[in-house]
Amino acid sequence: MSKLVAIDNINHRNIKIDVNKIEAHGATMHLAPAVVAEFVHLATHYPIVLAKNGDTGQFVCSAMLGFQAGENLFWAQDKWQAVYVPLQVRRQPFFLGNDAVKGTAEQTPQYVVCLDVESPSVGDQGERIYHDNGAESDYLQEAKAKLAELLKGESENKVFIEMLLSMDLLESMAIEIKFVNDESTRLNGLYTIKQETLAKLSGAQLSQLHENNYLSAIYAMVISVGQMYSLIDKKNQRLSS
Amino acid sequence: MSNAIKTVVVVGGGTAGWITAGRIAAKHQSNSTTNIKVILVESAKVPTINVGEGTWPTMRKTLIALGIRETDFIRECDASFKQGAKFARWVDGSDNDFYYHPLVLPQGFIKGDLSPYWHARQQGKNAGTSFSNAVCFQESICEQGLAPKTIRSGEYRDIANYAYHLDSGKFSKFLQKHCLEKLGITHVVDDVVDVINHDNGDIASVATVKSGKISGDLFVDCTGFASILLGKHYQIPFIECNDVLFIDNALAVQVPYEDENAPIASHTISTAQEAGWIWDIGLHHRRGVGHVYSSNHTSEDEATQRLADYVGPAIKDLSIRKIPIHSGHREKFWHKNCVAVGLSAGFLEPLEASALVLVELSAEFICEQLPQTRQVMNVVAKRFNETFLYRWQKIIDFLKLHYLLSKRTDNKFWSDNRDPQSIPESLQEMMELWRYRSPADFDFTSNNEVFPAASYQYVLYGMGFKSDYTLSPHLLNDWDFANKQFSMTEKMIQQALQQLPSNRELLDKIKQYGFAAL
């Protein structure tokens, strides 16, 4: 469970964040939402896929951590077993709240930093978020920077996905996997780069992608599909141990 | 090449006009200068009839061919999903009398026919499961008010086959906008006052009030019941079929939903009345309800009362529109260099939503087979006429099938409908065949049949008709296959009920988020 409250330097001055407990938030996550800017990092460990949000039907970018709901194959011995951890996990336990007052919809929404006070990382151990004098700690500054990156990523992802769709660069992945225990799973509802179209893009299209700095993200997606093998390997190791 | 077909003039701008113009323009790239030019002339004065709020799954193909996004179409035409039709009170008129004609084929239909097995099961522990519920998962979806797909399915993709209900007034405006912005059609808003012939009897041009003469090589008559080119100008006779189909009037109302969370049926509901039936079509923001009846069997007052009983107290604030129905079609549809599409070609009662599908099929034929020269046109015209006469006849047969299987006795309307004198010979022959076996694709000779054999099965066995298989025991020699299909259907029903949102929920989400393009 989580309970989000807006932070301030009066009520939360003495709160500390235990950084060792942050990644536990992703312990049972099998798809971690991802932003385009981190694709090149993610590709070193995880398959990067697109899936549709069940509620809105719109595409979302994710790093694949497991094959079924609740399964994070990178979580073992109470630790995240990879050097790069998705931003969406590292941002914990902070969130952005929308402070838009009703009736002022036309104004730019004002964001406030919120804290999940139910998070196991929140307590009296670890990094302080405010100094004794009420000033923000470096740690909080960093956390805010992550939130800003996520917020920026949200709109960037949208433009990125729109462009992929308009250039016919997406296709659904049809993968049937058999694990060591002879159990098989069919991956449904995941999408990746359609390499056939990628190979045939015109010069104009390529330069449009380049101007938006999307080429590295696209190739990161292509290469990251290979991480599927190491993900299968992780699953098999888990099954046979 | 002086007689090459370069310019197509569509006269009339209802849904028929815009679909036909749009399909020709999209196929033949009328937005480039070198190709076929498409001109649509329509009067600002003539109101469109706006019949046909129900479509067939073909509409998805039509919209794709026109380059239309499904999200835009659903949002702007107040459209909703249609998964076939529920026929209530058609057999004996009792409260629990209903059956479905779904849009999904019976399970395993391509590999084998389940009807004999379903008949045999009626003796055992599975007795009482309706034909459509035993062989197809769609009836359960409809009964639960669920949509045929989820918001994740994407544009035009389905989990269960579907068509649409739409607001036809909004639809023709939507098509017009799309055709003009995207497909390069020349639009002339003016009244056609004269038709000018070449010496050979072909139409050379249509004369308008302000825009002068509009010349063309092919003229498409989409002028509705007026049938200005094919009917008035060429005097092609109209073949009545009121000796087979007795419906001759409709009383239509637009009924608002009780509140914004009211369920939206994802199928057309057709409820039989004493001398006709009532349609009930759920759009996203209102229902379209109407009573079609035979004026030889009931009065307008009586019919109005039936409609009021059906709609309930809300009727007192609604305006009832009366539309005469003249059942029949032209003797031929393509004459010289003129082809009629839509109401100008003919009209039948809307029992199986045949109006728009005939427009789509005609438009598809014309754009796919658009003759290159005037000589070729004679061949294309001949084939068009053969194809569409066959289609009209088959639709008439299929509509009649619903009436002749009824056991209702509350009005002479029903017994007159069962009178062999009123049943086309082609239908009588098929009924003879089906006494001993179920309808099969072999029974139909066209490669592009309007109603597949499965549709006949759904209506026949939904209405309680029994084929006698005792002389064909070989039809029951693969129970393994049959049992597998029956249990597969049950499994699919369970899955669908878990997976699918309500029709209202999905339509609201499309309004809010839209479908992803893939």
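Predicted model: local features only at pLDDT ≥ 70, side-chain atom pairs only at ≥ 80, totals over all residues.
Local features require pLDDT of at least 70 and side-chain atom pairs count only at pLDDT 80 or more, whereas totals for chains, interfaces and linings use all residues. Residues are numbered from 1 along each chain as its sequence is written, and chains are lettered from A in the order in which they are written.

The secondary structure of chain A comprises 7 helices and 15 strands, these being DSSP runs numbered from the N terminus (helices, H or I, at least four residues; strands, E, at least two). The C-alpha trace of chain A spans about 60 × 50 × 30 Å along its principal axes. Among contacts in chain A between residues at least 6 apart in sequence, 71% join residues at least 24 apart; a contact requires C-beta atoms, placed from the backbone, to lie within 7 Å.

Between the chains, 9 residues of chain A are in contact with 8 residues of chain B. The side of chain A that touches chain B has 3 nonpolar, 5 polar and 1 charged residues (nonpolar: Ala, Val, Leu, Ile, Met, Phe, Trp, Tyr, Cys and Pro; charged: Asp, Glu, Lys and Arg; polar: the others, Gly among them).

In chain B, an automatic or database domain assignment gives domain 1 (7–53 + 167–241 + 327–393) and domain 2 (249–324). The C-alpha centres of domain 1 and domain 2 of chain B lie 30 Å apart. Contact between them involves 6 residues of domain 1 of chain B and 7 residues of domain 2 of chain B. On the side of domain 1 of chain B that touches domain 2 of chain B, 3 residues are nonpolar, no residues are polar and 3 are charged.

B:Ser130 is located in the loop between helix 4 (115–121) and helix 5 (131–135) of chain B. With 17 other C-beta atoms within 10 Å, B:Ser130 is partly exposed. Not counting residues up to four places away in sequence, B:Ser130 touches B:Tyr99 and B:Gly462. B:Ser130 and B:Met463 are 333 residues apart in sequence, yet their C-alpha atoms are 9.8 Å apart in space.

How values were computed:
Contact = placed C-beta atoms within 7 Å. Buried ≥ 20, exposed ≤ 12 C-beta atoms within 10 Å, placed from the backbone.
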